[in-house]
Structure formats: C-alpha cells, structure tokens
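Below is a short walk through one part of a protein chain. The text follows the structure shown here.

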Amino acid sequence: HQRVDLVAGARDVVPAAEVDPLHPLQQAAELALERGERALEPRQILLALKAFSMWSPGRLVAKYLSGTCASGVHEAKLGREHFGGEVHTYSAAYSEADLKEVLKLSDHVVFNSPAQWKRFRSICPPGKKYGLRVNPEHSEGHTALYDPSAPFSRLGTPRAHIHPGDL
C-alpha cells in the first residue's frame, strides 16, 4: 500500500487507495470522521501554508481543518483571514515588529531557542500557547539545508542544550 501523509510529520496516514487524488484533504478528513477518529482523542488537522498558500479554497477546506501552520506574519495573516480556525506560527527568527504582529494573529507561537523565548517573553500576552522547538537530532532527508542534525542547524534546540530555567 502506498501511503499519503495528511500533514508533514503526521502520525496518522490514510491508504492512497482510499483517497480521491482530486480532493485528498476533503477525502482524508471525511474518512477520519467516518471512522470516528476525531472523537477518540483530541487531534488537530493543521494545514501547512508553506506548502499550500492558495487562499481561494480557504473556506472550502477550512471545514475539514482545525487550523493552519504559518512560518511568519504573512502566512499567519493568510491563515487567520482565509482559513479560520487556530493559527500556529513558528519561525527560526522573529524581529520584534514581526512577532508583535504574529502575536495578534496566532493562537500558538513556537520559539526556536530558549534565548529567543527569553528575549521576547515580556511581550507575549497571557492566554496564548507558547512552545519551544526541540531539534530531533535525527535526519531522514538528504538535503543538508533541511537536516536538523547538521552542525550549526537552526532547526530547533538540541535537548541537551535546554535547561530547567530556560522554560
């Protein structure tokens, strides 16, 4: 069986034979709902806007989504205005001005390092969810640019470099 991930890094997959290639998001979400999977445990289907930034079908596919993942201000705005639902934003680097805008648009903001979190913690309002990207120190890909295990990777902080006082 060839399998299709619903979201990059998702743990749930749907056999390709069960997904209409013209409407994979709709079919996959309907299949999950039919199976009662959404009721079994809290899950979210988040659309990564980096891979799908076309705004025109936003409201159409939004009914099958919990929200969107953004990598900066413009994607967060796209998610908020055209898709609805929760907006989760992560960026390897935020300027203070960009982060202030991201905080207005996002429900969940992920920081790349303890230093980044410490730098901006004072401007982060209560009531939102905040996270820290942990580098998995494991690679599946072949492109060094996207390899979290590469020396000096900016893709999160290795676990050994996170200390109790950092959080």
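Tyr94, Phe111, Trp117 and Tyr130 come together in one aromatic cluster. The model is a predicted one, and a search of the whole structure finds four aromatic pairs. Trp117 and Tyr130 form a tilted aromatic pair, with 5.4 Å from centre to centre and 40° between the planes. This pair links distant parts of the chain, since Trp117 belongs to helix H6 and Tyr130 to strand S7 (residues 129-132), 13 residues apart.

Are the two partners of this pair buried or exposed, or something in between? Trp117 has a relative accessibility of 16%, and because the limit for buried is under 20%, Trp117 counts as buried. Tyr130 has 25% relative accessibility and therefore counts as partly exposed.

Next comes the loop between strand S6 (108-111) and helix H6 (114-120), where Asn112 is placed. Asn112 has a relative accessible area of 8%, so this residue is buried.

What surrounds Asn112, apart from its neighbours within four places in sequence? Asn112 is in contact with Tyr90, Ser91 and Ala92, with Leu132 and Arg133, and with Arg154, Leu155, Gly156 and Thr157. For Gly156 there is also a polar atom to look at: the side chain of Asn112 has one that lies 2.9 Å from the backbone nitrogen of Gly156.

To go over the two places again: Trp117 in helix H6 pairs with Tyr130 in strand S7, and Asn112 sits in the loop between strand S6 and helix H6.

Key:
Residues are numbered from 1 along each chain as its sequence is written. This is a predicted model: local features need pLDDT of at least 70, side-chain atom pairs count only at pLDDT 80 or more; totals for chains, interfaces and linings use all residues. Side-chain values use heavy atoms; hydrogens and water are left out. Helices (H or I, at least four residues) and strands (E, at least two) are DSSP runs, numbered from the N terminus. Buried means under 20% relative accessible area, exposed over 50%, partly exposed in between (1.4 Å probe, protein chains only). A polar contact is a pair of N or O atoms within 3.5 Å; within protein, one must be able to donate a hydrogen and the other to accept it, and residues adjacent in sequence count only if both atoms are side-chain atoms. Contact means heavy atoms within 4.5 Å. Rings of Phe, Tyr and Trp (its six-membered ring) pair if their centres lie within 6.5 Å; planes under 30 degrees apart count as stacked, over 60 as edge-to-face and the rest as tilted.
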